[in-house]
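Here is a friendly tour for anyone meeting this structure for the first time. Have the 3D view open as you read.

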Amino acid sequence: MQSKRLGWILLAPTLVILFFFGVLPFIYVVYVSFHQWNPFAVNPEMVFNGADNFRQIVFDPAFLNSIGVTVMFVFFAVLSELILGYVLAQAFMRDFPGKAIFRTIHTLPLIMAPIIVGSVWKLMTTPSIGIIPKFLDEWFGITMNIGTSAPAAFATVVIMDIWHWTPLVTLTLIAALVSLPPDPFEQAQIDGANKRQIFWHITLPMIAPAVVATVFIRLMDALRTVDEVWMLTGGGPGSATRFVGVHIFKEVFPKTNYGYGSTISVIVLYLTIVVCWLLYVTMLAPRSKKD
Amino acid sequence: MSDQHHAPLATAHHEEERTPTTPERKVGFLPIETNWFDRLFISVVIWIALSLFWFRFLEPAGLSIWIANAIALVVAFIIIRKG
């Protein structure tokens, strides 16, 4: 009983912080999502409009397009980061000359603020001064202009995200791989299992919790990407990189439409929770035994 | 001698009492083991999805959103009781 009380006492500071900085703002956003509210208009009062914002959102082509673009971005970016991160983690498990330096350099993007990453990539991809369009033109004869080409802009944003966040995946997967016991691998080798069988039947099931946790983190981050994309493309050209975070930003700040912006935020949070929950259920949740 | 034999059993008894209790897991028609909060969560997820679907496809045809809410309530009751 005493240890239970001690547990609650130790948890209390976290719970209080979580309540004031997580739960209360969430409740407020849900409250605002049921109102029409433009605080800079002639009438700055909140006007309750029931579920009208939610009625509007399911017919809003800009929002639906932003969801589609975001899903594509998340799919390509997170999948690439996972595969590349695993390959790099396996590489770092072996010894090779310059491993320590390479590992440090490889981790550097993680310490950069997203807004800086966006600015650097903006400089690197601007046609007149950027190093990437220059070399693409000189070596392959490809003209790259992310200001006019939608596929180029989208691909650049995905590559930028992969460059920025793959080290995080690598670090978490290294931690998972290091903690694996050697016995199952030795036994599998004695039984004649090849590398592919060892990966699918031993390594992957044993690191599955770490993989799922990493995917959760990257999924949640990628779904609310704003600053990097805002700096690099501003959501353009057209709506090619207008991800849902950028869409919310444009709806709330330039248009000062706080009620509708909150509604979009609530729906995005809902989609994020559902996707993460489905991922958890399919990969980790205990199955019920029906005899 | 007999005290020494009884000592581990007594310790085990105390440890058993201190073991933290886990929430009740239930096996219902859902394919995963759930507690009551999991089933409430699933019900809310279904309620929101049904409401958005209703707004998009059925309300324009004249069906009130209150029908969706009633259906969601029934589904929630079934999931929480038997899920």
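## The largest pocket

Helix 2 of chain B is the top contributor to the lining of the largest pocket, giving eleven residues. Keep in mind that we're looking at a predicted model. The pocket itself holds about 850 Å³ of space. Its lining has 26 residues, and the closest to the centre are A:Val266, A:Tyr270, B:Val44, B:Trp47 and B:Ile48.

Which helices each supply at least two residues of that lining? From chain A, they are helix 1 (2-33), helix 2 (52-57) and helix 12 (258-283). From chain B, they are helix 2 (36-58) and helix 3 (65-82). Sorted by class, the lining comes to 21 nonpolar, three polar and two charged residues.

## Where the two chains meet

Next stop: the contact between the chains. Chain B brings 19 residues to it and chain A brings 17. The size of an interface is often given as the accessible area lost when the parts come together. Here, the area buried between chain B and chain A is about 1600 Å², and carbon and sulfur atoms give 69% of it.

How many salt bridges link chain B and chain A? The count is one. The partners are A:Arg55 and B:Glu59, whose side chains meet at 2.7 Å, N to O. On the side of chain B that touches chain A, helix 2 of chain B has the largest share, with eight residues. By class, that side of chain B divides into 14 nonpolar residues, one polar and four charged.

## A:Arg55 and its other partner

Side chains of opposite charge can pair when their charged atoms come close. A:Arg55 also forms a salt bridge with A:Asp52, with the closest N and O atoms 3.0 Å apart. Both A:Asp52 and A:Arg55 sit in helix 2 of chain A, three residues apart, or about one turn of the helix. So how does the count look over the whole structure? A search over all chains finds nine salt bridges.

## Getting to know chain A

Time to zoom out. Chain A has twelve helices and two strands. If you follow the sequence along, the pattern reads α-β-β-α-α-α-α-α-α-α-α-α-α-α. The C-alpha trace of chain A spans about 75 × 70 × 40 Å along its principal axes.

Now pick out A:Leu88, which is found in helix 3 (residues 61-93) of chain A. What does A:Leu88 contact, leaving aside its neighbours within four places in sequence? The list is A:Phe102, A:His106, A:Thr166 and A:Thr170. A:Thr166 is 78 residues from A:Leu88 along the chain, and the C-alpha atoms of the two are 9.0 Å apart.

## Two backbone details

Look for the loop between helix 10 (227-232) and helix 11 (244-252) of chain A, where you'll find A:Pro237. A cis peptide bond joins A:Gly236 to A:Pro237, with omega at about -5 degrees.

Then move along to A:Thr256, in the loop between helix 11 and helix 12 of chain A. A:Thr256 isn't a glycine, yet its phi is positive, at about 50 degrees. Helix 12 of chain A, on one side of that loop, is also one of the helices that line the largest pocket.

How values were computed:
Residues are numbered from 1 along each chain as its sequence is written. Chains are lettered from A and ligands numbered from 1 in the order in which they are written. This is a predicted model: local features need pLDDT of at least 70, side-chain atom pairs count only at pLDDT 80 or more; totals for chains, interfaces and linings use all residues. Side-chain values use heavy atoms; hydrogens and water are left out. On a 1 Å grid over the protein atoms alone, a cavity is a set of points where a 1.4 Å probe fits but cannot get out, and a pocket is an open set with protein on both sides within 12 Å along at least five of seven lines; lining residues have an atom within 4 Å of a point. Grid points are joined across faces, edges and corners, and a volume is the space filled by probe spheres set on the points. Helices (H or I, at least four residues) and strands (E, at least two) are DSSP runs, numbered from the N terminus. Ala, Val, Leu, Ile, Met, Phe, Trp, Tyr, Cys and Pro count as nonpolar, Asp, Glu, Lys and Arg as charged, and the others, Gly among them, as polar. Contact means heavy atoms within 4.5 Å. Buried area is the accessible area (1.4 Å probe) that two parts lose on being put together, summed over both. A salt bridge is a side-chain nitrogen of Lys or Arg within 4 Å of a carboxyl oxygen of Asp or Glu.
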